[in-house]
Amino acid sequence: MRRRDFVLGALGTGALPYLLPQGAFAQTRRTAIPYGAAIRIDPMLEEPDYKQAVLDYCQVVVGEGGLKWIDLRPDRDSFVFDQPDRLLAFAEEHGLEMRGHTLAWYAAMPDWVETLASAEEARTELVRHIETVVGRYKGRISSWDVVNEPIADHPTREAPIRDSIWQRHLGKDYIELALRTTAKVNPDARLVINDFDFEQPTDKARARRKAFLDLIRELKGRDVPLHAIGLQGHLQGEIAIDKSGLTAFVAELASMDLTIMVTELDVIDNLLPGPEIERDGIIAQRAKDFLDAIGAARRPEAVLTWGISDRHTWVPIWFSRDDGMPNRPLPLDADFRPKPLMQVIQDFCAE
Ligand code: XIL
């Protein structure tokens, strides 16, 4: 009996989190769809179990931070590449791919950008930033989240684009500028627009899907270089996935010759029941519904989770539990033991 069959057998008994030794899935890590995770470079280099888990499971890594303006640009004249340089060195040493996150976003911006006083200044600064950052990693970083979260939380026909320093100075043309500039600097990089909250059966998600498709159609209509769409996948654990809505959305994107990446999958569990086995089961099912709905239209070119272990996750920052229990949004628990979510991801990626 193959070890994998033993593992699957164990799945049926529901005793998964406590049965599987660490790295149980290691032999199946080279899957059809690359799996990866957002990494915090310092803790990873300091914690052997964290590092081993990344090596056991990941084929792709992305910096949870490090390539955001707040990290890279403490002031207008300087660029600080320490974190991304170290993550890239780790990735290259171990044959992992590294994604770049992110060049144009409304959040994680240093205060000094508020001093940009004109459209011309904003254009010059955005272009200089992209030329410097993308230029530095040309041929080494394979895909870039060029534009992150461009759609407003509650988009309207009049205001579909999220407010940002770039939107304020350049209007939505900042999106085309960022994509064309990145393509010029590194014609081989895969250019991605990354966003979230498209998967729920709500008016908000429907409005966001519509606004996003309108934006993409416009960009494609003007032959703006764009290769893939990043669906973040920060799933609300208590809300069902609108599978038919999501599948139709992805089919529409695929019809515009775009591939799909799942870029930041985790399941926000602050409103889910307390008992871990029950909660882990719901979390795994939400993710499975999400991945299956995407895969029904177009198989993603990569699946990344926003972190790999519950020991290092952003979720408690915004979604801590009232019962004080730790959040469990990721595929490995705080001791790097696989959970049903990892099985769902491995099965989806392996098919
Ligand atoms: C989050 C990080 O995980 C946190 O550590 C940080 O405090 C805020 O940003 N969408 C994104 C990510 O594109 O960059 C965000 O990451 C989470 C939501």
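**Backbone, rings and helices**

Analyst: Asp-197 counts as buried, because its relative accessibility is 14% (buried means under 20% relative accessible area, exposed over 50%, and partly exposed in between, with a 1.4 Å probe and protein chains only). This is a predicted model, where local features need pLDDT of at least 70 and side-chain atom pairs count only at pLDDT 80 or more, while totals for chains, interfaces and linings use all residues. Residues are numbered from 1 along each chain as its sequence is written, and side-chain values use heavy atoms, leaving out hydrogens and water.

Asp-197 sits in the loop between strand E5 (190-195) and helix H10 (203-221); helices (H or I, at least four residues) and strands (E, at least two) are DSSP runs numbered from the N terminus. Its phi is positive, about 60°, although Asp-197 is not a glycine. Most residues other than glycine have a negative phi, and most peptide bonds are trans. Ala-108 also has a positive phi, near 55°. Ala-108 belongs to the loop between E3 and helix H7 (119-136) and is partly exposed, because its relative accessible area is 26%. In strand E3 (residues 97-104) you will find Thr-102, which is joined to His-101 by a cis peptide bond with omega of about 5°.

Now for the rings. The whole structure holds 10 aromatic pairs (rings of Phe, Tyr and Trp, using its six-membered ring, pair if their centres lie within 6.5 Å; planes under 30 degrees apart are stacked, over 60 edge-to-face, and the rest tilted). One of them joins Trp-105 and Tyr-106 edge-to-face, at 5.8 Å centre to centre with 80° between the planes. Trp-105 is buried at 13% relative accessibility, whereas Tyr-106 is partly exposed at 37%. Ring pairs also link Trp-69, Trp-112 and Trp-166 into a cluster.

Finally, let us look closely at helix H12. Two packed helices are described by the angle between their axes and the distance between the axes. Helix H12 (residues 276-295) and helix H14 (residues 340-350) have axes that come within 8 Å and cross at roughly 20° (axes are lines fitted to C-alpha atoms, for helices over the stretch in contact, and angles run from 0 to 180 degrees between N-to-C directions). H12 and H14 are therefore roughly parallel (under 35 degrees; over 145 is roughly antiparallel, 65 to 115 roughly perpendicular, and the rest oblique). Their contact (heavy atoms within 4.5 Å) includes Ala-284 and Leu-291 of H12 and Val-344 and Ile-345 of H14. By class, the contact has 9 nonpolar, 1 polar and 3 charged residues (Ala, Val, Leu, Ile, Met, Phe, Trp, Tyr, Cys and Pro count as nonpolar, Asp, Glu, Lys and Arg as charged, and the others, Gly among them, as polar).

Ile-345 of helix H14 is buried at 1% relative accessibility. Not counting residues up to four places away in sequence, Ile-345 touches Tyr-35, Leu-265, Leu-291, Val-303, Thr-305 and Pro-331.

On to another partner of H12: helix H11 (residues 243-254) packs against H12 at about 40°, with their axes 8 Å apart. H11 and H12 are therefore oblique to each other. Among the residues making this contact are Leu-246 and Val-250 of H11 and Phe-290 and Ala-293 of H12. It has 5 nonpolar, 1 polar and 3 charged residues.
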